[in-house]
Amino acid sequence: MHALIVIDVQNDFCPGGALAVAGGDEIVAPINAMMDDFDAVVLTQDWHPSGHSSFASQHPGKAPFDLTQMPYGPQVLWPDHCVQGSDGAAFHPGLKTDRADLVIRKGFRPGIDSYSAFFENDRTTPTGLEGYLRTRGISQLTLVGLATDFCVNFSAVDAAGLGFDVSVLQSACRGIDLDGSLATALSGMGEAGVTLR
């Protein structure tokens, strides 16, 4: 069984959003077109409470994209984004959400960020996605979405580490590329056993 995992195709990550990824809206039509080729479709949704600890606005003297230390390690501080119930947190209006078997929300714990669809940023708190996929007999995953070098990257590396057969379809992803983060992410995914297509 083969699942398509669509990472964070939300308004705040698309042009005009609070944390826009260049060309983020360009992947919506290609993702919609491929959904019927898979046995299952899972959508992830960044879902932060207001005042989330990863927001630069919660750290006096810090600016978006500064790095800070959290109890679980280094954390990039972001503009306020994907606040629960906001228009920015909603899926891009063009995305075919009806085809999704599961929507998994992440980043909803106030004190910890979550890039990966599988674990919070402490690398140990699970989201439940692994259990869902295993109980459905899904072993093969193709990842698409936003952003290549953060949430797609962390999700793909975790999935490979959990023993799934993982591909990232680069044409249906877009990256932020913060200080060379895209090249680092691509090489790291390759080293982890992720197939880059």
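1. In β2, valine 42 is the bridge partner of isoleucine 5. Helices (H or I, at least four residues) and strands (E, at least two) are DSSP runs, numbered from the N terminus. The model is predicted: local features need pLDDT of at least 70, side-chain atom pairs count only at pLDDT 80 or more, and totals for chains, interfaces and linings use all residues. Residues are numbered from 1 along each chain as its sequence is written, and side-chain values use heavy atoms, with hydrogens and water left out.

2. Strand β1 (residues 2-7) and strand β2 (residues 40-46) run parallel and are joined by five bridges. Alanine 3 has alanine 40 as its bridge partner in β2. On the β6 side, six bridges join β1 to β6, again in parallel, and isoleucine 5 has leucine 143 as its bridge partner there.

3. These strands belong to an open sheet of six strands in the order β5-β2-β1-β6-β7-β8, with parallel pairing; two strands pair if DSSP finds at least two bridges between them. The edges are β5 (102-106) and β8 (195-196), each with a single partner strand, so one side of each has no neighbour in the sheet.

4. Six of the six residues of β1 are buried, where buried means under 20% relative accessible area, exposed over 50% and partly exposed in between (1.4 Å probe, protein chains only). Both faces are covered: His2, Leu4 and Val6 are buried on one side, and Ala3, Ile5 and Ile7 on the other.

5. Methionine 34 is in helix α1 (residues 28-34) and is buried, with a relative accessible area of 11%. Neighbours within four places in sequence aside, methionine 34 is in contact with Leu4, Val144, Leu169 and Ala172; contact means heavy atoms within 4.5 Å. Leucine 4 lies 30 residues from methionine 34 along the chain, with the two C-alpha atoms separated by 8.6 Å.

6. Helix α3 (residues 148-161) lies across β1, β5, β6 (140-146) and β7 (165-174), and runs at about 165 degrees to β6. Axes are lines fitted to C-alpha atoms, for helices over the stretch in contact, and angles run from 0 to 180 degrees between N-to-C directions. Just after α3, glycine 163 takes a positive phi of about 95 degrees.

7. Of the 14 residues of α3, 11 are buried, so the helix is largely enclosed by the rest of the structure. Among them are Phe150, Cys151, Val152 and Ala159. The cover over the buried residues of α3 includes β1, β4 (73-76), β5, β6, β7 and α4.

8. The axes of α3 and helix α4 (residues 181-191) come within 9 Å and cross at roughly 10 degrees. That makes the two helices roughly parallel, as angles under 35 degrees count as roughly parallel, over 145 as roughly antiparallel, 65 to 115 as roughly perpendicular and the rest as oblique. The crossing is left-handed, meaning that the near helix is turned anticlockwise from the far one by less than a right angle.

9. At this contact, Thr148, Asp149, Phe150, Asn153, Ala156 and Val157 of α3 meet Ser181, Leu182, Ala185, Leu186, Gly188 and Met189 of α4. By class, the contact has seven nonpolar, four polar and one charged residues. Ala, Val, Leu, Ile, Met, Phe, Trp, Tyr, Cys and Pro count as nonpolar, Asp, Glu, Lys and Arg as charged, and the others, Gly among them, as polar.
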